[in-house]
Amino acid sequence: MKNEAETFAFHLHLLSKIIDKEAHPFTKLIIEQGVTEDEYNRLIHLLDLLENQLKKQKEAGLLDFSSLLIHFAGMLTEKLAPHQTIYALKKEGYYPSLMNEFLKIMENLED
């Protein structure tokens, strides 16, 4: 059994090297950081929740969505860095409106 697990890990390592980081940075990040299926599912659930909250807040006329970014960063698995994850999600096309808002907030913090 151990030999099969080692072979699988080796094959996964090889596959992660051939993933086009430019086209699939989020997928590569998930693999490289050893994110489990449960952690991945929790992240997607969190993003769904935050995207719904963003939509509701915009409909209510709110303009500051920094609380959503804070919630995201606080709930993200420690295996993933918030900035890197946001850029990877944006580049791969996941949750575009939410990632755009997060990027605006981050840019304003850098100024």
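**Residue Y95**

Does Y95 count as buried or exposed, and at what relative accessibility? In this predicted model, Y95 has a relative accessibility of 12% and therefore counts as buried, the cut-off for that class being under 20%. Y95 is located in the loop that lies between α5 and α6. Although Y95 is not a glycine, its phi is positive, at about 50 degrees.

Helix α4 spans residues 66-75, and its buried residues are L68, L69 and F72. These residues lie on the same side of α4 because the arc they cover around the axis is only 100 degrees. An α-helix has 3.6 residues a turn, so residues three or four places apart point the same way.

I70 and G74 are exposed on the other side of α4. The cover over the buried residues of α4 includes α3 (37-59), α5 (82-92) and α6 (96-110).

**The largest nonpolar core**

The largest nonpolar core has 26 residues. Those touching the most other members are L43, L47, F72, I86, L98, M99 and F102. Two or more residues of this core come from each of α2 (25-32), α3, α4, α5 and α6. In soluble globular proteins, nonpolar side chains tend to be buried together.

**Contacts of M99**

With neighbours within four places in sequence left aside, M99 is in contact with L47, I86, L89, K90 and Y94.

Conventions:
Residues are numbered from 1 along each chain as its sequence is written. This is a predicted model: local features need pLDDT of at least 70, side-chain atom pairs count only at pLDDT 80 or more; totals for chains, interfaces and linings use all residues. Side-chain values use heavy atoms; hydrogens and water are left out. Buried means under 20% relative accessible area, exposed over 50%, partly exposed in between (1.4 Å probe, protein chains only). Helices (H or I, at least four residues) and strands (E, at least two) are DSSP runs, numbered from the N terminus. The arc is that of the directions from the helix axis to the C-beta atoms. Contact means heavy atoms within 4.5 Å. A nonpolar core is a set of buried Ala, Val, Leu, Ile, Met, Phe, Trp, Tyr and Cys residues joined through side-chain atoms within 4.5 Å.
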